[in-house]
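Q: I would like to learn how to read a structure of this kind, one feature at a time. Where should I start?

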Amino acid sequence: MLILTCPYCGLDAEETELHPGGEAHLKRVGPEGSDEEFEDYMFARKNAKGVHFERWRHAYGCGKWFLAARDTVTLQVYGTYRAQTHAPPQDIVDAIRKVRPDWQPDWSHAE
Amino acid sequence: MTHTPPFRLARGGRLIDRAFQIPFRFDGRYLRGLRGDTLASAMLASGQMLMGRSFKYHRPRGPVASGAEEPNALFGLGQGGRFEPNQRATTTALVPGMILRSQNCWPSLDADIGAVNNWLSPMLPAGFYYKTFIHPRPFWKHLFEPIIRRSAGLGRAPTDPDPDRYEQAYALYDTVVVGGGIAGLTAAREAAEKGGKVLVLEQNPVWGGRTPVDHKAGEATIQALLDDLRGRANVTLRRNTMATGLYDHGYLLAREALADHDPNQGIPRQRLWRIRAGHIVTATGALERPLAFACNDVPGVMLASAVRDFIVDYGVAPGQRIVVVTNNDDAYRTALIAQEARLDVTVLDARDSADGDLPQAARAQNITVLTGSAIAKVTGGRHVESVAVCDQKGEGKHTGTIDCDVVAMSGGWSPIVHLYSHCGGKLLWDEAQAMFRPDPDRPPLGADGRGNVTATGAASGDLRCAGDLERAEGATMPVWCMPANAPYKLRAKMWLDYQNDVKVTDVLLAAREGYASVEHTKRYTTLGMATDQGKVSNINGLAILSDALNQPIPQTGTTTFRPPYTPLTLATIAADARGEAFQPLRKTPLHAWHERHGVSWEPVGQWRRPYCYPRGDEDRHAAVNREILAVRNSVGTLDASTLGKILVKGPDAGKFLDMMYTNMMSSLPVGKCRYGLMCSENGFLMDDGVVARLTEDTWLCHTTTGGADRIHGHMEDWLQCEWWDWQVYTANVTEQYAQIAVAGPKARDLLERLPGSIDLSQQALPFMQWVEGDIAGMPARIYRISFSGELSYEIAVPAGRGLELWERLQEAGRDLGITPYGTEAMHVMRAEKGFIMIGDETDGTIIPQDLGLGWAISKKKSDYIGKRAQSRSHMKDGARWQLVGLESLDDRVIPDGALAVDEGTNPNGQRKTQGRVTSSYHSPTLGRPIAMALVRHGTGRMGQVLEFPLPSGEVLKGRICDPVFYDKEGARLNG
């Protein structure tokens with residue numbers, strides 16, 4: 001029963017208000033992609049023990065999708081941010097590094 | 001020595017009111033207790049020490065504890081719908097007229113035939129199921145399993161519905177203190193002084209925990225703390241409330257007993273608090289551990305703390321002659337209290353010396369104290385009669401015998417660490433105190449990454465938390481086996497887990513057989529797996545295991561602490577979400593009309609849709625047939641309001657819909673409709689419906705009834721997370737409109753009878769177009785679309801006018817035999833036309849190409865959701881099952897889901913399959929059964945016959961044919 005702050009409406013949302021959407025920052029592979037690229041996009045998930053970026057929809061609130069940086073072991077939330085980005089903002093990265101100095105960003109693309 | 005009255009002492013009993021007697025019934029006998037009694041104290045006061053039979057060996061058992069950790073004294077309580085099994089006598093308050101039944105015994109608690117297992121116990125060691133019941137193989141199913149199933153399970157499940165009300169409430173607090181003893185109340189005062197909302201939860205009806213029993217000045221100290229807290233506006237005190245589990249980010253569940261076992265108060269029986277706490281303080285105290293000596297399960301062997309609780313709280317003497325056996329100073333409190341109550345007391349102390357304040361006080365009261373001593377064996381069957389005394393360091397050689405009727409044992413204390421551990425808090429082994437206690441450096445973390453749980457008082461390992469009230473205590477000496485070098489014969493009678501009958505020898509056997517992990521040993525021996533979850537047994541068990549494995553205790557570790565701390569009744573978890581309130585019911589604007597006209601409902605998601613409208617003596621099948629023929633021959637109306645309606649608007653709406661649908665929507669002219677298919681990114685068909693272009697930049701997308709919310713969410717997902725720079729808005733307007741399908745050859749005649757501005761002629765409104773205007777004085781949008789295969793109009797009006805339009809239609813069409821029809825008639829008619837239905841022809845593994853819908857997939861578009869997936873080799877494999885029609889050769893409806901068998905068998909020895917029936921009906925239009933099926937290479941196998949074996953052994957035959965059974969040319973629908 002997590003609590004995540006919706007970055008759109010600012011509410012601290014109870015997990016029951018939210019709808020999970022799996023791993024964040026996936027890059028869509030369209031008709032031009034190879035079989036391997038498409039397989040990776042469609043099925044390969046990080047299942048991280050530690051820092052994880054994930055998609056959540058404030059389904060019983062403002063209806064917006066947002067992204068969360070969370071630690072799957074300690075349950076610490078490093079921050080939530082709007083979904084309209086290809087990589088987490090710097091303040092989120094800083095918050096992660098503060099707790100896990102060795103952490104390296106590993107999302108599949110950054111633009 | 002015999003167990004003799006009086007059991008209720010002449011004086012004392014701080015919780016009872018001697019002026020009020022309370023009658024209750026136990027196994028048919030009438031007994032009496034006093035107001036303030038628990039079931040356990042009332043039964044002990046009645047001389048009833050025997051309270052249950054153990055699970056495996058059916059040994060006679062009495063209460064061991066006085067609280068939530070009690071493993072033995074469990075009863076079936078109440079009658080009918082209020083019957084509840086496994087109710088703990090030590091925590092259940094006595095209520096007038098209570099009816100108790102003993103469990104796990106037959107024919108009675110006193111004469112239990114299952115006790116024969118006790119004599120067989122040498123043949124029933126740990127893991128005996130796995131070892132014994134393997135061979136011969138066929139015996140398992142027909143002999144062993146039925147017998148084991150009959151003897152498994154403790155208590156009987158109630159058979160009637162629970163008549164009581166339960167409720168849930170949500171609360172937010174800055175600090176929640178769990179435990180209303182001295183540590184908890186002190187912590188609450190500290191938190192309250194700092195500010196913020198503070199909640200204090202206490203599991204019992206009374207405050208104070210152990211302090212009022214253990215300390216002369218305890219009650220006054222607790223009262224002063226309570227007075228202070230009650231005067232503070234930011235503090236809430238809640239008794240009778242058990243914190244059962246702690247979850248992520250400070251989510252705490254607590255069960256408040258409001259009217260337990262007393263249904264006459266007219267209030268909910270229990271309330272489940274769902275609390276969000278900024279910080280949690282666990283002041284949950286500690287549990288006393290039993291000692292492992294031979295026959296430590298005979299009724300009358302109790303925890304030392306429980307013996308003094310019964311004396312001080314309830315004025316009940318569990319016996320007249322008490323032997324206290326201990327490895328610590330605390331148990332001397334029991335000796336002193338028993339002595340003061342004029343009971344006969346002897347203390348056996350396993351330690352070589354005992355010189356703390358408490359032992360000295362005991363000696364000063366002329367209590368006999370034997371140090372370095374132990375119990376070799378307890379004698380007695382249904383009740384303790386005597387103990388054999390021996391040297392703790394020896395092998396059990398008797399040095400004397402003491403006649404007694406109660407043994408008060410204390411093996412030290414274990415902090416209650418459950419809540420601290422539920423959500424990831426770690427424990428450390430405290431060698432000096434021989435206990436696992438919360439590691440303050442590794443608490444559970446909150447969302448901010450900081451610890452959000454603090455343990456305090458005895459729960460943190462500080463057993464002397466009563467501050468000034470405490471006296472100096474000597475050190476506890478770990479005693480895991482009494483005497484230390486007991487031979488096998490004695491160890492085989494030392495109980496660890498009372499409820500599940502796990503003994504020291506069972507754990508030793510598990511260790512010998514290679515069970516090195518404490519989690520595996522738990523499951524192999526069932527140690528700690530009973531309804532008490534091993535509250536009194538686990539630490540002793542893992543200490544024995546560590547010893548056998550020759551490793552330190554922290555290396556063995558504990559088993560996982562999982563919520564709930566004490567059992568939670570399912571009714572509390574369900575609360576008001578029962579019956580009609582289980583989930584919301586969605587009603588169309590025509591719901592009441594359907595109900596007035598004899599509707600037979602079909603649940604579709606949260607909606608209720610008319611399945612059909614039986615008339616007179618008609619059954620559902622006859623009603624459906626009549627409705628279909630009415631539509632085919634004249635005209636019918638369907639409530640289509642539940643169909644999803646999603647507005648998509650904006651400069652990039654066309655481009656967006658081209659991605660959402662497999663076909664081209666951007667090229668659809670204003671005023672026209674197009675049937676569209678929606679696939680998942682994995683290529684599978686997930687929804688279908690008619691899309692209408694309303695204006696240059698606005699489309700209205702119809703979805704399936706069940707798909708409306710999901711498809712709207714799907715669109716929003718892609719718009720917000722992938723193409724966020726596209727200018728598109730979506731709105732789910734499903735409930736804004738009432739939509740009525742008017743279908744049949746007389747549909748146009750009927751609509752033209754209603755006054756209005758709309759030209760419904762074939763020239764003005766041909767198939768797959770829509771028009772806006774006025775009908776019967778209502779603003780309406782009319783779509784010329786058809787799911788029945790007949791001439792058909794779907795009319796959308798504002799939801800509030802739906803009933804008016806429906807009634808005007810019924811009135812205007814009376815002479816035409818207008819017939820309201822339901823979803824089943826709709827389903828049969830669409831199958832006659834070979835139209836697919838999401839959920840029938842699709843199951844999440846079907847692509848449009850399988851269903852002959854390749855025509856609805858644009859070849860011109862470079863991309864759409866699912867396009868890449870559909871180009872994978874398996875999706876293009878010619879061996880995929882394809883949609884065909886089936887003609888039954890037996891003139892019988894082939895059951896939905898029936899499999900078409902193929903030659904040969906698969907590796908599991910099962911017949912190979914080559915297809916399955918996806919929709920199957922009797923067609924009243926054609927007067928014969930029709931079916932749709934997915935068949936390997938189906939479209940190339942017209943005329944071939946497939947076999948469908950039924951579970952009954954019969955084999956039905958179907959011939960592959962075109963899936964369109966009716967009006968192949970579409971003349972009727974275009975008419």
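A: Start with the inventory of elements. Chain B has 26 helices and 47 strands. Keep in mind that this is a predicted model.

Q: What box do the C-alpha atoms of chain B fill?
A: Taken along the principal axes, the box is roughly 115 × 70 × 55 Å.

Q: How much of chain B counts as buried?
A: Burial is judged by counting neighbours: a residue is buried if 20 or more other C-beta atoms lie within 10 Å of its own. By that count, 50% of the 975 residues of chain B are buried. Sequence separation gives another view of the chain. Among contacts in chain B with a separation of 6 or more, 65% are between residues 24 or more positions apart.

Q: Is helix α8 of chain B mostly covered or mostly uncovered?
A: Helix α8 of chain B, residues 304-314, is mostly covered, with eleven of its eleven residues buried. The buried set includes the charged-side-chain names B:Arg308, B:Asp309 and B:Asp313, as well as B:Val307, B:Phe310 and B:Ile311. After α8(B) comes B:Gly315, which has a positive phi, near 60°.

Q: How do I describe two packed helices?
A: Two quantities are used: the angle between the axes and the distance between them. In chain B, take helix α13 (residues 504-512) and helix α15 (residues 538-549): their axes come within 9 Å and cross at roughly 40°. An angle under 35 degrees would count as roughly parallel, and α13(B) and α15(B) are therefore oblique to each other. Their crossing is right-handed.

Q: Which residues of α13(B) and α15(B) meet?
A: An α-helix has 3.6 residues a turn, so residues three or four places apart point the same way. From α13(B), the residues are B:Val504, B:Val507, B:Leu508 and B:Ala511. They meet B:Gly541, B:Ile544, B:Leu545, B:Ala548 and B:Leu549 of α15(B). By class, this contact has eight nonpolar residues, one polar and no charged.

Q: How many residues of chain A are in contact with chain B?
A: On the chain A side there are 22 residues, in contact with 21 residues of chain B. Helix α1 of chain A, residues 35-42, supplies the largest share of the chain A side, three residues. That side is made up of twelve nonpolar, six polar and four charged residues.

Q: What feature does UniProt place at residues 590-861 of chain B?
A: The unreviewed UniProt entry gives "domain: GCVT N-terminal" for that span. In the model, the end C-alpha atoms of residues 590-861 of chain B are 41 Å apart, and the span is 26% helix and 28% strand.

Key
Residues numbered from 1 in each chain as written. Chains lettered and ligands numbered in written order. Predicted model: local features only at pLDDT ≥ 70, side-chain atom pairs only at ≥ 80, totals over all residues. Contact = placed C-beta atoms within 7 Å. Helix = DSSP H or I, 4+ residues; strand = E, 2+ residues; numbered from the N terminus. UniProt positions renumbered as here; feature names shortened; annotations may be inferred. Buried ≥ 20, exposed ≤ 12 C-beta atoms within 10 Å, placed from the backbone. Axes fitted to C-alpha atoms, helices over the stretch in contact; angles between N-to-C directions. Parallel < 35°, antiparallel > 145°, perpendicular 65-115°, else oblique. Left-handed = near helix turned anticlockwise from the far one by under 90°.
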